[in-house]
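Visitor: Hi! Could you walk me through a few spots in this one?
Guide: Happy to, let's have a look.

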Amino acid sequence: MRAWHVEAPGPVTGHPLRLHPDDDVPRPGPGELLLRVLACGVCRTDLHVTEGDLPPHRPTPPGVTPGHEVVGEVTALGDDAAGAGFAVGDRAGAAWLRSTDNTCKFCLRGAENLCPASRYTGWDADGGYAEYLTVPAFYAHRLPDGYTDPELAPLLCAGIIGYHALQRAELPPGGRLGLYGFGGSAHLAAQVALARGATVHVLTRGEQAKQLARELGAASVGDAADMPPEPLDAAILFAPVGDLVLPALAALDRGGTLAIAGIHLTDIPPLNYEKHLFQERQLRSVTSNTRADAREFLGFAAGHKLAVTVHPYPLDAADRALQDLKAGRFDGAAVLIP
């Protein structure tokens, strides 16, 4: 099979990814499914893995295969995988969270996203920038009807993480939400918030992203460091830019919460307590998601037809898709099609 590997993490313009045309098709281990990849979303986390912003978890050559927004067809089941309810021919999703220990204090209290033994698709184990991959059956996801395979792919991380970030931001009913950055995740989170009656203000770079925000119903659209036209009850920072933490906090009303949705962020400049944190403003991080988060969001997507903006790329153009993502050359999300 064809599969990309991060052979030498570094700037994506330097081609740290290499396409291998003749990798062996993996065999599902105990409790695993083998998926034939139908579509794989291109996530900013893949860029962080490829460029080395996230330290390699699989440094041994040829390096890990990125990709964790995977829509696939079940082609084989490993021993003890049948109990998850999947059969050969089913469509299934593989997401960022690949496994947890299910025994630590975090797993036992329903916060498996904080499990110290958690492992991740496309970072610890080979992901979906390939024609096949394996996924633990109990961490695979049932997918909603009414969407094409490319439309489903971004839901499996961009959608789920945006949903979890909304929870962390504690947006009150009918509240005012600011979204900083408007890519694959933000354009889905905006639709969830709008469906719940929120007023959404978008602050981002790029005219394509701004136009998409207007089309989806944003009340205002401005540049990334602008102040929104009214104080915010909650905000989510999707852009991996630490400098934006300060204007986002300053834009919050009393008691407001800023959630940082990314797995990687550049350094945050010094905060001024009076301007940025006083009056019980909160600053929160977002770490992965639980399977319960995923089920809730995918259930929401089943009941509310989301407009998923996708830009298809052939699998052989994965490196170009990442370059275009870094340069902000598209709105919505890129999706690889084998």
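Guide: Apart from neighbours within four places in sequence, Ala-158 is in contact (heavy atoms within 4.5 Å) with Glu-69, Gly-184, Ser-185 and Leu-188. This is a predicted model, where local features need pLDDT of at least 70, side-chain atom pairs count only at pLDDT 80 or more, and totals for chains, interfaces and linings use all residues. Residues are numbered from 1 along each chain as its sequence is written, and side-chain values use heavy atoms, leaving out hydrogens and water.

Visitor: Where is Ala-158 found?
Guide: Ala-158 is in helix α3, a DSSP run of H or I with at least four residues, numbered from the N terminus.

Visitor: And is Ala-158 buried or exposed?
Guide: Buried, because its relative accessible area is 9% and the cut-off for buried is under 20%, with exposed over 50% and partly exposed in between (1.4 Å probe, protein chains only).

Visitor: How far apart are Ala-158 and Ala-261?
Guide: They sit 103 residues apart in sequence and 9.9 Å apart in space, C-alpha to C-alpha.

Visitor: Let's switch to His-164. Which helix does His-164 lie in?
Guide: Helix α3, which spans residues 149-169. His-164 counts as buried because its relative accessibility is 10%.

Visitor: What does His-164 touch?
Guide: Not counting residues up to four places away in sequence, His-164 touches Asn-113, Val-286, Thr-287, Ser-288, Asn-289 and Asp-293.

Visitor: New topic: where is Leu-271?
Guide: Leu-271 is in the loop between β13 (252-260) and α7 (273-277); strands such as β13 are DSSP runs of E with at least two residues. With 35% relative accessibility, Leu-271 counts as partly exposed.
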